[in-house]
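Thanks for asking me to look this one over.

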Amino acid sequence: MTDGGLDTPGESQSGARRTDGPAALLPPYREREESISLGTLDEQPVSGTEVDIDGGPDRETELMTINLGPHHPATHGVLRLLCTLEGEVVRDIKPLIGYVHTGIEKSCEDQEYWKAITFVERMDYLAYYFNAQVYCMSVETLLEEEVPPRAQYLRVIHMELNRIASHLFWLGTAALDIGAITMLWWALRERDLMLDLFEMSSGQRLHTRYFQVGGVFEDIPPGWEAKCRRALEVMPARLDQYEALLDENEIWLQRMKNTGIVAREELLALGVTGPLLRATGEPWDLRKAMPYSSYGDFQFRIPVGTVGDNYDRYRVRLAEIRESLKIVEQALDGLPEGPFITSNRKVALPPRHELATSMEALIHHFKLVTEGFRVPPGEAYSAIESPRGELGCYVLADGSAKPSRVHMRDPSFVNLQSLKAMGENSLIADFIACIAMLDPILGGIDR
Amino acid sequence: MVLLGADPVVETTLVQIVKAIVIFAVILQVVPVILLLERKLLGRFQQRYGPNRVGPKGALQPFADVLKLLSKESSTPTTAVPWMMAIAPVISIVTAVATLAIIPFGPQGAWGGDLGLYGIDVPIGLLYFFAFGSLAFYAFVLGGWASGSKYSFLGAMRSAAQLISYEVAIGLSLLGVAMMAGSLSLVDIVEAQGSAGKGIWFVVPQFVGFIIFMVAGFAESSRPPFDLPESDAELVAGYNTEYSGMRFGSFFMAEYIEVIVISGVATACFLGGWHGPGPEALAPLWVVLKMFAFVLFFIWIRATLPRLRYDQLMFLGWKVLLPLATLNVLVTAILLVVT
């Protein structure tokens with residue numbers, strides 16, 4: 001048997017070493033790849049990057065650079081993290097993103113306004129209703145278009161159901177990262193209730209493209225409300241089940257409590273929003289702070305934490321599910337009658353039956369489908385509370401039927417900055433728990 | 001132990017060989033059954049069906065898995081030490097199977113003659129169990145280190161620390177049992193719990209020892225919630241990250257055999273081994289049933305508990321289980337002297 005093991009070429013040794021100066025901070029790409037190997041552990045650590053930790057010159061520490069991702073079970077997609085480990089302790093974290101960059105924002109510039117909705121939905125792929133909503137809101141602002149009350153309520157119902165579905169998926173995957181495998185299937189079981197409702201109202205389970213500029217695509221079908229109410233009835237008992245499985249489990253509590261604490265000021269300085277910020281006790285929720293889409297009509301509370309540890313993040317999200325259930329119930333109770341989309345034929349398609357009798361309707365239909373609607377020049381930014389925080393959309397219009405620029409402020413991207421503060425100098429297991437509690441969606445980060 | 005007359009040594013050796021083959025063959029058949037059971041039960045715990053495509057109700061799924069693993073390439077990273085990487089799963093399997101030899105399934109003569117329903121009755125039974133349990137960790141460390149991957153390396157380090165820590169606790173937890181039975185032989189321990197002795201299963205007087213043994217047993221076999229060496233969320237797959245094909249399968253098989261071994265030792269030491277109602281010939285049935293209950297418990301725990309953190313694992317091992325086990329031994333010793 002040939003000794004193929006310990007003969008890694010030695011020329012990469014100097015290259016993988018960290019030297020001074022910002023340019024040499026990261027070795028060239030190929031050499032970084034090589035530095036993953038442990039080949040010459042017995043002679044000279046190829047992989048060891050020497051970083052002064054506590055400034056102690058006499059401290060002989062050997063650090064190990066480890067490549068977490070892009071294909072790693074716990075990085076929730078294709079997040080790549082270059083971690084420097086000292087034993088089991090994470091000393092340095094460098095998130096590298098861009099592995100699922102799809103160029104959605106650029107692609108939107110080549111689509112008519114109403115076609116771009118399909119694109120933006122695919123950014124944060126667990127919160128598609130929110131992406132569509134914030135984009136439509138910006139375009140509606142530019143058009144000065146009023147959304148009918150029924151459409152606003154339908155939007156709220158779908159967004160809150162989406163929030164529940166998103167939080168449930170987060171709960172399942174986060175618990176899986178901690179090792180509670182059963183939780184994943186339990187959470188997905190309830191998420192399916194939500195997806196069934198989406199399928200019934202729009203024909204799709206994911207990326208429904210239900211929201212239109214000026215309203216929603218279709219009214220909810222008969223029987224939808226009853227089905228939704230059944231789902232709402234089931235949910236509280238199921239949430240109690242989750243709490244029985246997790247909150248009364250000593251291991252779960254020990255893993256969650258007092259880990260990944262970041263101070264409120266630091267999170268605010270980093271621009272972090274959403275459950276991460278609320279877990280520290282800051283009651284910042286755009287649904288209350290700047291009500292949009294009739295959110296002012298509903299009675300609900302903003303759950304906040306106290307310490308800002310992983311346990312608070314978990315509790316805040318679970319409480320948010322309960323609040324969302326309340327909002328959906330109120331919205332169903334008070335669902336106003338009326339049109340589900342604006343009657344402005346320049347923006348929204350005319351009803352199908354009008355096409356047979358009205359020449360006007362036919363012309364509007366033809367113009368809308370072939371070239372879309374024109375938006376007066378200007379720019380608009382709107383922001384809503386997505387399951388992960390403040391989701392903003394900037395649209396620049398140049399008067400044509402296509403947006404000149406679409407940019408999203410995605411909460412996952414901004415929140416990812418806090419990962420270093422959360423996970424540094426903690427054990428690998430806690431660091432993984434922090435990623436899970438951060439709830440990053442890579443589709444939203446890379447866009 | 002004279003069998004069939006003339007030359008006792010030759011006969012005994014022959015019988016031993018037959019026993020060894022029987023145990024090995026039976027266990028090889030039991031592992032896929034447990035595998036299927038685990039996957040089916042986990043499915044039920046998790047609101048899904050589990051495997052149900054291959055064979056009637058998915059019964060042939062483990063065979064399909066093994067066939068798949070056997071036909072896969074055993075890849076070796078360029079940074080690995082190939083011969084060490086190849087030998088690690090072998091050590092893993094050998095140490096697990098070797099421990100099976102001392103698990104008593106029935107008393108001598110239960111099925112007629114002088115035949116004892118166990119591989120061997122070594123007078124140092126418990127030490128034998130500890131010895132092979134300690135050797136098993138060479139498989140993890142060698143496999144993890146020789147893979148030449150950082151994830152494997154971290155997993156190997158974790159398993160080394162974990163197995164050493166819990167080896168101490170598991171040893172002390174069984175010491176009370178050994179003191180009460182007055183022997184290290186598993187056969188003697190089982191007999192001490194029978195009607196001939198005090199007639200009480202050691203799980204009652206040694207309840208603390210039993211709890212410690214079970215907790216440490218989970219850690220010994222690297223099963224959840226102590227599956228840190230291969231914690232998939234953190235270390236991808238830990239020490240067996242770089243393994244593929246049947247070498248990978250061997251590690252898994254060793255883990256399941258380890259579960260059987262822990263169940264067997266727990267049955268013998270705490271649940272009265274072969275003792276149960278009915279004629280003596282039914283002895284193996286009781287042992288298998290009790291072991292089965294333990295295996296179910298292992299699966300149940302896997303579906304319920306999250307994973308511990310590394311420092312919590314060490315804390316539990318050294319600061320909770322070890323003092324408790326020591327105290328248990330002390331109290332047992334004092335009570336034995338007094339009564």
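1. Let me start with a question: which residue's side chain meets that of A:Glu323 in a salt bridge? The partner is A:Arg301, with N and O 3.3 Å apart. Please keep in mind that this is a predicted model. The pair joins distant parts of the chain, 22 residues apart: A:Glu323 belongs to helix 13 (residues 310–333) of chain A, while A:Arg301 sits in the loop between helix 12 (286–289) and helix 13 of chain A. The two ends also contrast in their surroundings. A:Glu323 counts as buried because its relative accessibility is 6%, under the 20% cut-off, whereas A:Arg301 counts as exposed because its value of 57% is over 50%.

2. A second pair in chain A is local. A:Glu225 and A:Arg229 form a salt bridge, and their closest N and O atoms are 2.9 Å apart.

3. In chain B, have a look at B:Arg39 and B:Asp65, whose side chains meet in a salt bridge (2.7 Å, N to O). B:Arg39 is in helix 1 (residues 8–45) of chain B and B:Asp65 is in helix 2 (residues 61–70) of chain B, so the pair ties together parts 26 residues apart in sequence. B:Arg39 counts as partly exposed at 32% relative accessibility, while B:Asp65, at 18%, counts as buried.

4. Some charged residues of chain A go beyond simple pairs. A network of salt bridges links A:Glu160, A:Arg163, A:Arg278, A:Asp285, A:Arg287, A:Glu320 and A:Glu385. Over all chains, a search of the whole structure gives 44 salt bridges.

5. Now to the interface. Chain A brings 44 residues into contact with 35 residues of chain B. The two chains bury about 3,300 Å² between them, and 62% of that area is on carbon and sulfur atoms. Eleven residue pairs are in polar contact between chain A and chain B, counting pairs with both residues at pLDDT 80 or more. On the chain A side, the elements that give two or more residues are strand 1 (64–68), helix 6 (149–178), helix 7 (181–202), helix 9 (250–256) and helix 17 (428–438) of chain A. The residues on that side divide into 23 nonpolar, 16 polar and five charged.

6. How many salt bridges does the rule find across the interface of chain A and chain B? There are two. A cross-chain example to inspect is A:Glu88 with B:Arg158, whose side chains meet at 2.6 Å, N to O.

7. Finally, chain B as a whole. Chain B has eleven helices and two strands, and from the N terminus the order is α-α-α-β-β-α-α-α-α-α-α-α-α. Of the 339 residues in chain B, 55% are buried. Among contacts in chain B with a separation of 6 or more, 75% are between residues 24 or more positions apart. Chain B exposes about 14,200 Å², with carbon and sulfur atoms supplying 75% of that area.

Notes
Residues are numbered from 1 along each chain as its sequence is written. Chains are lettered from A and ligands numbered from 1 in the order in which they are written. This is a predicted model: local features need pLDDT of at least 70, side-chain atom pairs count only at pLDDT 80 or more; totals for chains, interfaces and linings use all residues. Side-chain values use heavy atoms; hydrogens and water are left out. Contact means heavy atoms within 4.5 Å. Buried area is the accessible area (1.4 Å probe) that two parts lose on being put together, summed over both. A salt bridge is a side-chain nitrogen of Lys or Arg within 4 Å of a carboxyl oxygen of Asp or Glu. A polar contact is a pair of N or O atoms within 3.5 Å; within protein, one must be able to donate a hydrogen and the other to accept it, and residues adjacent in sequence count only if both atoms are side-chain atoms. Helices (H or I, at least four residues) and strands (E, at least two) are DSSP runs, numbered from the N terminus. Ala, Val, Leu, Ile, Met, Phe, Trp, Tyr, Cys and Pro count as nonpolar, Asp, Glu, Lys and Arg as charged, and the others, Gly among them, as polar. Buried means under 20% relative accessible area, exposed over 50%, partly exposed in between (1.4 Å probe, protein chains only). Accessible areas come from the Shrake-Rupley method with a 1.4 Å probe; for residues, only the protein chains shown count as cover.
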